[in-house]
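Q: I'm new to this structure and would like a close look at one spot and what surrounds it. Could you walk me through it slowly?

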Amino acid sequence: MATAEQSAGLLNDPAVQELAKQKAYEGLEKGKELGSQAIDGLAHYIKKGPTGVSFLCFVGGVAMTVCGVFETIGGLLNPFSLVLNVYLCLFGIVTVLLEADAELFRSMKMEFAVKPIMGYQAKVNEQAQFLTTMLGRGGFYIFLGTLAISQCIFCLYFLVGIWMIVMGAMLVGFHFGYTAEDYEAGASRARAQMAAGMQQLSDRNQPAPAV
């Protein structure tokens, strides 16, 4: 069994430090690549304007529903948590039905889903018209996001909540005149800032060249 002195010796070993630095450098490079791909993926849908953002909201609704189901099952003994999880699960389902593209489901030969989706969306048009506007839906998603992030910090609910807040804010922005080009420019700036920050970290952790 390694003693504290042996462990300290390993940490002070230049070879071990160089290996740790190499692994950190490789991790930063991979993180930079994945982060760039994520921003590019978002930019692809943002370019499509409200239609593309609607699909991203649909994805957020699916994620919130899944989180709600698992958290509801896991929190059966906590009444307060149970009620909130049930609400979030139901709101996730509402989001999925609200943003679902019936024609897409029809093209995927999923006819069984088309009629319920269209029927639900018709009822929303009649009974909850504020959800048919970008401002109304955006405000609703921001509200859902704040509920989700109140559950925990840096867990799945938190990440889904941040996602919904961002999507809601984008819909509100569309309502007030922001365009897909404005958001694309913002994504490009974010990509450049992230790349610059990751490059600084990479340079700082780049291993020394072999002698």
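A: Let's begin at valine 86, which counts as partly exposed because its relative accessibility is 34% (buried is under 20% relative accessible area, exposed over 50%, partly exposed in between, with a 1.4 Å probe and protein chains only). Bear in mind that this is a predicted model, where local features need pLDDT of at least 70, side-chain atom pairs count only at pLDDT 80 or more, and totals for chains, interfaces and linings use all residues. Residues are numbered from 1 along each chain as its sequence is written, and side-chain values use heavy atoms, with hydrogens and water left out.

Valine 86 sits in helix α4 (helices are DSSP runs of H or I with at least four residues, strands runs of E with at least two, numbered from the N terminus).

The link is a salt bridge, with the closest N and O atoms of glutamate 99 and arginine 137 2.8 Å apart (the term needs a side-chain nitrogen of Lys or Arg within 4 Å of a carboxyl oxygen of Asp or Glu). Both ends count as buried: glutamate 99 has 8% relative accessibility, and arginine 137 has 13%.

The whole structure has three salt bridges. Arginine 106 pairs with glutamate 103, their closest N and O atoms being 2.7 Å apart. These two are three residues apart in helix α5, so about one helical turn separates them. Arginine 106 also meets glutamate 111, at 3.9 Å from N to O.

Stepping back, the chain comes to nine helices and zero strands. Of its 211 residues, 31% count as buried, and glutamate 99 is one of the buried ones.
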